[in-house]
Amino acid sequence: MKQQTILAVLLTALLSISSGPCDESLPTYQEPEKIFDAALASSYVVTATRNNFFVELKIRNVFDETFQAKPAFQGMIQITSMRNPSIKRTFNISEILFLYVPGYDQVTNTLTFNSGDSIRLGVLWDFKDDTGRDLLADFFRIVPDPQCKGRSIAYAEDFMISGEMRVFEKTGITKAPPILHSFCYVTGDPQSCSPFPFSANCPFRYPQ
């Protein structure tokens, strides 16, 4: 597929010169309705050595052309408590791990973004908010697990996750549809207990 720069994609129609009379107007240029698509995914994983909340943001080129230019790489992933919206954790692009960026040349700082390709970014949340507040200390309500001595489980909490990214300066910001993630924080040694059913809804909910 013939590669073309971002500038060429966005300005070709504007720079074309008509060969007709001077009073003949050029056709109006219309940008594609959708160039990139974005999606979020999240997971909470507890093992003998891990206790992680992971969020991934994926940006996909859904246009039928290849883009090639210096990347902007600006964006963020934000996690917000539904019970207390003042509790937010915002990860800016400098804190976000680039998991998979095909076509990026670090030497020339050039990104070739082919049609159908995806950029994947991710973060691990340490359960602290933007002010440094430790949610394990004074937000999660942690109670003993009646099914396992030595393990504790927090009441379920709901978090809204949002994310966006500007891949190139000329292509604007691509926002992912927000997702809701509910989970119970688990402490203790999971090896000493039966595996916690993370795939099921957490039974520890705040009393209504």
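Biologist: How much accessible surface does the protein have, and what part belongs to carbon and sulfur atoms?

Modeller: The accessible surface comes to about 12100 Å². Carbon and sulfur atoms hold 51% of that surface. The model is predicted, and its mean pLDDT is 83, with 79% of the residues at 70 or more.

Biologist: What does the secondary structure consist of?

Modeller: The protein has 2 helices and 14 strands. Buried residues make up 38% of its 208 residues. Of the contacts with a separation of 6 or more, 66% are between residues 24 or more positions apart.

Biologist: Why is L40 called buried?

Modeller: The relative accessibility of L40 is 12%. Buried means under 20%, so L40 with its 12% counts as buried.

Biologist: Which residues have the most contacts inside the largest nonpolar core?

Modeller: Those residues are F53, L57 and F140, in a core of 47 residues. Strands β2, β3, β5, β9, β10, β12, β13 and β14 each supply at least two residues of this core. The largest share, 5 residues, comes from β2. As a general point, nonpolar side chains in soluble globular proteins tend to be buried together.

Biologist: What is F140 in contact with, apart from its neighbours within four places in sequence?

Modeller: F140 is in contact with F127, L135, A154, E157, F159, F183 and Y185. F140 has a relative accessible area of 6%, and the limit for buried is under 20%, so F140 is buried.

Biologist: How many aromatic pairs does the whole structure have?

Modeller: A search of the whole structure finds 22 aromatic pairs. One of them is formed by F140 and F159, with 6.5 Å from centre to centre and 65° between the planes. Planes over 60 degrees apart count as edge-to-face, so this pair at 65° is edge-to-face. The pair links distant parts of the chain: F140 is in the loop between α2 and β11, F159 is in strand β13, and they are 19 residues apart. F159 is buried, at 0% relative accessibility.

Biologist: What makes the pair of F140 and Y185 stacked?

Modeller: The ring centres of F140 and Y185 are 5.7 Å apart and the planes are at 15°. Stacked requires planes under 30 degrees apart, so the pair with its 15° is stacked. This pair also links distant parts of the chain, since Y185 is in the segment after β14, 45 residues from F140. Y185 counts as buried at 9% relative accessibility.

Biologist: Which residues do ring pairs link into a cluster?

Modeller: The cluster holds Y44, F53, W125, F127, F139, F140, F159, F183 and Y185.

Biologist: How do you know that the charged end of R83 sits over the ring of F139?

Modeller: The charged end of R83 is 4.2 Å from the centre of that ring. The distance limit is 6 Å, and the charge must also be within 35 degrees of the ring normal. R89 likewise lies over the face of F91, at 4.1 Å from the ring centre.

Biologist: What is the phi of F127?

Modeller: F127 has a positive phi of about 65° although it is not a glycine. Most residues other than glycine have a negative phi. F127 lies in the loop between β10 and α2 and is buried at 3% relative accessibility.

Biologist: Why is N109 called partly exposed?

Modeller: N109 has 27% relative accessibility. N109 is in the loop between β8 and β9, and its phi is near 55°, a positive value.

Technical notes. Residues numbered from 1 in each chain as written. Predicted model: local features only at pLDDT ≥ 70, side-chain atom pairs only at ≥ 80, totals over all residues. Heavy atoms only, no water. Phe/Tyr/Trp six-rings, centres within 6.5 Å; stacked < 30°, edge-to-face > 60°. Helix = DSSP H or I, 4+ residues; strand = E, 2+ residues; numbered from the N terminus. Buried < 20%, exposed > 50% of the residue type's maximum accessible area, 1.4 Å probe, protein only. Core = buried A, V, L, I, M, F, W, Y, C linked by side-chain atoms within 4.5 Å. Contact = heavy atoms within 4.5 Å. pLDDT = per-residue confidence, 0-100. Areas by Shrake-Rupley, 256 points an atom, 1.4 Å probe, with all protein chains shown as cover.
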